[in-house]
Structure formats: structure tokens, C-alpha cells
Amino acid sequence: MIEKNKVEQIKTPEFKIQDKIATTAKPFSVSAINKTEDRKVYKSIKPNSGANKKYNFSGNRKTTQNKRPMMSPKSPINVHPVAPGKVRIIPVGGIEEVGRNLTIVECGEDIVILDAGFQFPGEDTPGIDYLVPNTEYLEANKSRIRGIIISHAHLDHVGALPYIIERLGNPVIYSTKLTNAMIKRRHSEFPHLPEIQLEEITSSSKIQLGRSLKASFFNITHTVPDAIGIIIETKYGNILYPGDFKIDTDGNGNPIEVSEYIKLGKENNLALLMESTNSEAPGFSMSENVVHENFKRIFKSAEERIIVGTFSSQLERIMEIISIAEDLDKKVFIDGRSMKDNVAIAEELKLFKPKKGTILPVEQINDFPQNKVIAVCTGAQGEKNAALMRIASNRHKDIKITPKDTVILSSSVIPGNETSVQALKDKIARQGAKIIHHGIADVHATGHAYQEELKLMIKMLNPKFFIPVHGYYFMRKINTELAKSLNIPDKNICLAPDNGSVIETDGKTIEVLKKKVPSNYVMVDGLGVGDVQEVVMRDRQMLSQDGIFVIIATIDAQTGKVKSSPDIISRGFIYLRESQDLLKQTRFLIKKTIEDATGKMHPINASYVKEQVREKVGKFLFQKTKRRPMLLPVLLEV
Ligand SMILES: [Zn+2]
Ligand SMILES: [Zn+2]
């Protein structure tokens, strides 16, 4: 059996992994290697999708489009539609992580979806762009979907839309003006997708969703304008979904604008789905007013130029910075595409009205006295190619840091980004600029409620059932303790164990069903959605740990003898040039193993021979190096 395909595969970019490889030794089961070779990554690449990036393992842009058929891993759906007399809530994503929020409310013949976010990948998913919620249950019940309601424009609430909307049959998306505008702009980056149907709502809108569900809304304070709380009206009462929120306080720490919540609390509120992001933090979160005052002070006292790094999604803050700049007669230069887009959308929708000439193109930044200049840019998390990192590493065309600059990092450090933020600070410090971050001055306030705000919200909204969402289990568990401290009885608190948990209520009691809807990770890898399976992920982890070791041997089909010395290609395993001895021994072992196996065999059973090579060579390499690279034997019969 000639394995021509395998040789061709070796030449494809999938095997250019050297950039990603670390060489820490970690044992794994041999069976994991043995199965490896037959796996394939199927990708679904839609035409006309030039706007989207696609990476291979080495992190380079892939230019070729691969039109192999898509293979989506389907799990059997063993959860039936909701029974009459029950209301069902399914957090499909967002309760085992911060991100990837998607919650289903189902009653009678009708399903409504609350938010559709994605999550940025972690260290356990190398080479993956995003994780999106699993939509298999929704796809199976497509005809009953009455709409998707989006609470606000952050990516952990809207990011999945382009990847799932078509699979859900393109249902109507309901959201506020700004959120809709941002969804629309992002959708334009996916020209292969059909038009989306966007409906605008305000806090006074009411919408009918099929026969069993209605939606109405309430105002929310968060770090992006136009965030909205969602009320799903069911026959047993309201399901309240504030999304992400904080309770704003005045200068003296008194909550403001809560009368709406108190009024809403007088209604028949069946359940509150409350976020848990900051449930560990005691007290009240800092008011954005404090940040505003601090910015004013820093801007006034700064020696010369000011450079602010923040998230492009922190739109409220960016608008504040612009208004302070106007008061101080300074010019603002925005850098970072997403930030520019967001500010342009906010301006277009008249959410704020900067004076003409306040916001200027970054190319003009050197035309003004340095003490009149504020640069606002993306990259406060140390993202490699964002504006601030380019400035810090002297790769920015127009902005070069000087010792007279003040750099403000106006964001918290997202867990996992600690190292890149340190690298960023280091680079700025080496060029002598002054750095101000949230650890030394109040230049960032969270958008997520602290404990006292969460408690206040529970008290005001006065729900029968309490369901913590948005956050890891430990965060949600602490959230349940807050509810308990407010005398919500244990039996009315529902701490769903995992994503995909099916919560049901008949209005009197609440329970989590034993069966779950599919909720396993759906990974976006380049443009392929959901086609990267866990086996692929395991391969990537293995490759990143111990590398790859390819053996190419030519065998005489008649005699079973190995012709000439076997070729070895290895990446990320050991440095071959300095391991000539080991290679010599390995070649000898390969030859011997193959010839022992082929012995009197005719015709040659290639899979058996490869099995033997994998096992013997795998053991040998582990003895010698304490590493287990992925072994790929290729046999060419001539
Ligand atoms: Zn948010
Ligand atoms: Zn969020």
C-alpha cells in the first residue's frame, strides 16, 4: 500500500509548527498517539471572505482557500422541547467562563435567545481564534426561534452572531440603536453571509415573541452606552436579565437612578438571571465619576503629551476623555481601528457631539505642541499588534515615546494577560515615559457590579427564583451566597452546574433536569466554525508540548527490507544537529523494527508495521529524552 497522501501532507503548512513549539516534557497516553495519524481537520471556507483572517499553526496568514466539505461534530439531542406548563431556561454558554454568553428561554412553541457572545481562547486551545456557544439544540429547534435579543454591544454578548446566525435560520435580532449599529458594522466584515434582520428597541419597547413570550426592557448602566436590561414575560411572571451592569453612585457613594428598578421590583418577577463577574469583590465598585475627576487632574498636571490606552469597547470612557480634552483645549488623536469605528458610530448616532477639530487624524499628531496632545489608543492589555504596543516598541509611524510623555493604562488586567501587560510597561518605562495604571491611581472603574450592588439589585428587583449566570462556577456560587444573605430560600436558588444545564420551573418550584443540551466548545479556527474537534485540540496540545517526529521509510514490497536509511523530520522535539548519536540509534531501531515486523509477511500489512514502529520508537525516544513527540511513520513501498 503506497502512502502517497501522507507524503503530500508533510508538505502542507499544517506541519509548519516550529514557531509554536515549547519543549516541556509532559507524559500522555500512548493510545493518544496511535490514533493521531488518521485525523483530519476539515475546514469550511466560504467564498468571498477576504476580510477574515485565517491562521495556520505558525501563526502566519494562510492564503490558500481549502474547499473540503465541512464536518460538524453533532451530538445526539436527547432533550425534548419543553412540556406544556413549564418554562425553561438554558444557559448554553457563559456559566463556566467569563464570555460566550448565550441563554435560551423556552415556553410553549416559542424560543427566545438572550445574547450571543464569544470568548477569546485560552492556553488549552492553541491556534483557535474564538470559542462560540454550541447551537445544536437551537438548530434542532430552529423553527421555534422567535428572535435574539442583545443586551449590549460587548463581544462576550454579540461576538458569536456572525458565526451562528445563519445556522439559526437568520432570526430577527433585537437591540438598541448603538448595539445594532455595532452589530451591523461587524457583520459587514462577513460579506459571504446574508443580510441580517435588525430591529431597534428602546427601554419602552414591547415585543411579542410567538404566542407564549413577550419582551420588555429596562435601563442599565455599564461601560458601553445603550446597554439594556431584558424582561421576558411568561405565564408565571417575568424573567429578568440585566446583562452586565453596575449601579452608578453619586460623589457621596449614594446609588442613583434606581427608581426604575424599585418600580420593576413591584411586578411579578419569577426569576432573576444575574451576572457574577465581580461577585467576589466586597462593597460598591468605584464610580466612573471618580475616574473622570482623576483624568482631569492627570491631564492638567501632565508634563507634556498624554497617551491613554484602553479597550475600544470602553466607549463611555473614551467619550469622557474627549470631553475633558475639550475643556482643557487639547486635541485628541484616536488610534486603533475598532476604537475609531466605535467613536465614529457613537458620533453618527449623536450619543455625543465633539467640537469640530477636537478629534484629529493621528498623522497630524506632530503638528501640534506636545502639551496640547492626547492620544487614545487600543492595546492596554499588551496585545501584540494594537496601537499602544506598536508605540511602546517603536514601531508606530507617528508616535514615538519621549521621557516627557505620560502613559495612562486605563483598564484592569484581564487574567491571562499579566505577562503581556508587564512587557508593555517595561517597554514604555525603558523609553523614560511616566506610567499611570489602575494599581497606582483610579484611572479605571469596572462595568460589573460588586457585592453590595448585586445585593441591592436583588433586593430591588425582588425575584422569586435566583439564577446566577455569567461567570465561573466559583463566582456564581458566591453570588448565591449573596442571595441567601437576603433571605431568598435555598430551594429558590438555582446554581446550574454547567453550560447546557436545563432549568425548568412550573412557577412554583425550580429544578435542573438530569439531561443537558450539547454545550461542548465550538471553536472558530480561521473561518471554519465548529469543525475543529477535541481530538484536533489534543494534537495541538501534544505538538506544543513535545513536538513532532516524522519517520519516512522506503520498503521493498517483495522482500520487506528497508531500502537506504530512513528519513527523519522533527520539529520542536530535539535539536537534530546536536543529536546525531540518538538519530543514528533511532534509524537503526526503525530499520530493525520494520524488518522484524515484515519478516515473512506478504503482502505487507502497513498499519501493523507502523503500529510497531510507533510503539518501539516511541518507547525508545521516551527512555532517551523523557519526551513523547507525536510520531508519524510513513511507509513507502517500492
Ligand atoms: Zn459588557
Ligand atoms: Zn459581559
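Let's start with Y450, which sits in the loop between β18 and α13. This residue is buried, because 20 other C-beta atoms lie within 10 Å of its own, and 20 or more is what it takes to count as buried. Keep in mind that we're looking at a predicted model.

**Around Y450**
- Who does Y450 touch, leaving aside its neighbours within four places in sequence? Its contacts are N278, A281, P282, G283, F284 and S285.
- M286 is 164 residues away from Y450 along the chain, yet the C-alpha atoms of the two are separated by 9.2 Å.

**The helix pair α13 and α14**
- Two packed helices are described by the angle between their axes and the distance between the axes.
- Here, α13 covers residues 451-461 and α14 covers residues 473-485. They pack at an angle of about 55°, and their axes are 10 Å apart.
- The crossing of α13 past α14 is right-handed.
- On the α13 side, the residues that meet α14 are Q451, L454, K455 and I458. On the α14 side, they are N479, L482 and A483.
- Sorted by class, this contact has four nonpolar residues, two polar ones and one charged one.

- Strands of a sheet pair through backbone hydrogen bonds, either parallel or antiparallel.
- This open sheet goes for parallel pairing, and its six strands run in the order β15-β14-β16-β13-β17-β18.
- The partner of β15 is β14 (residues 331-335), and the two pair in the parallel sense over two bridges.
- Within that pair, V332 stands opposite I359 in β15.
- Helix α9 (residues 315-327) packs on the sheet and touches β13 (306-309), β14, β15 and β16 (373-377). The direction of α9 makes about 175° with that of β16.

**The whole protein**
- In total, the secondary structure comes to 17 helices and 26 strands.
- The protein has 638 residues, and 43% of them are buried.
- Take the contacts between residues at least 6 apart in sequence: 75% of these join residues at least 24 apart.

Note on methods: Residues are numbered from 1 along each chain as its sequence is written. Chains are lettered from A and ligands numbered from 1 in the order in which they are written. This is a predicted model: local features need pLDDT of at least 70, side-chain atom pairs count only at pLDDT 80 or more; totals for chains, interfaces and linings use all residues. Two strands pair if DSSP finds at least two bridges between them. Helices (H or I, at least four residues) and strands (E, at least two) are DSSP runs, numbered from the N terminus. Two residues are in contact if their C-beta atoms, placed from the backbone, lie within 7 Å. Axes are lines fitted to C-alpha atoms, for helices over the stretch in contact, and angles run from 0 to 180 degrees between N-to-C directions. A residue is buried if 20 or more other C-beta atoms lie within 10 Å of its own, exposed if 12 or fewer, and partly exposed in between; C-beta atoms are placed from the backbone. A crossing is left-handed if the near helix is turned anticlockwise from the far one by less than a right angle, and right-handed if clockwise. Ala, Val, Leu, Ile, Met, Phe, Trp, Tyr, Cys and Pro count as nonpolar, Asp, Glu, Lys and Arg as charged, and the others, Gly among them, as polar.
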